[in-house]
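Please look at the chain first, then read on.

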Amino acid sequence: MTSPPGGALYSPALLALAVELAAYPFDPAAPFIGEAHSRSCGSTIQISATEGFEDLGLKVTACAVGQAAAAIFARHVRGKTGADIQTALAEIIDWLAGEGDTPAWPDIAMLEAARAYPGRHGAILLPWRAALDALSKPSAPR
């Protein structure tokens with residue numbers, strides 16, 4: 001059996017990212033709460049955050065790829081705006097579809113091997129979608 005382009009999907013580096021999620025406990029009392037669900041794989045994510053994502057919490061029910069994407073998101077979201085997140089989401093969607101360059105979001109290239117698995121793309125997008133959901137709530141501070 002040959003590996004897909006980009007190497008093995010469940011590399012040690014990708015699996016190690018999932019461990020990082022323990023550093024982001026979900027806070028149901030946070031001012032920003034959002035969630036996203038992938039219809040393609042059933043993965044879900046909930047995000048709790050304060051303004052500017054200074055404090056971030058994650059509740060992730062996803063495969064290792066989805067967990068890795070959540071960790072990559074969490075590593076670099078501090079100080080980002082809704083516009084930053086929307087831009088990153090659009091870049092990641094294009095990249096996964098093979099229609100764009102590697103997105104500017106740091107460490108996203110760690111998910112390169114997952115591009116060959118369209119069934120995992122929905123899980124990769126969840127953190128950015130959940131963050132935008134949190135920011136779109138009427139009760140969320142602007």
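## Confidence of the model

The mean pLDDT of the chain (the predictor's confidence in each residue, from 0 to 100) is 90, and 92% of its residues reach 70 or more. Over residues 1-6 pLDDT stays under 50, and for these residues the model has 6 contacts (heavy atoms within 4.5 Å) beyond four places in sequence.

This is a predicted model, in which local features need pLDDT of at least 70 and side-chain atom pairs count only at pLDDT 80 or more, while totals for chains, interfaces and linings use all residues. Residues are numbered from 1 along each chain as its sequence is written, and side-chain values use heavy atoms, with hydrogens and water left out.

## Helices α3 and α4

Helices here are DSSP runs of H or I with at least four residues, numbered from the N terminus. The axes (lines fitted to C-alpha atoms over the stretch in contact, with angles from 0 to 180 degrees between N-to-C directions) of helix α3, residues 82-96, and helix α4, residues 118-136, come within 10 Å and cross at roughly 160 degrees. The two helices are therefore roughly antiparallel to each other, a term for angles over 145 degrees.

Among the residues that meet are I85, L89 and I92 in α3 and I124, L125 and W128 in α4.

## Helices α1 and α2

Helix α1 (residues 12-19) packs against helix α2 (residues 64-76) at an angle of about 65 degrees, with their axes 8 Å apart. That makes α1 roughly perpendicular to α2, a description covering 65 to 115 degrees.

Where they meet, α1 contributes L14, L15, L17 and A18, while the residues of α2 include V65, A68 and I72.

Definitions and conventions:
Parallel < 35°, antiparallel > 145°, perpendicular 65-115°, else oblique.
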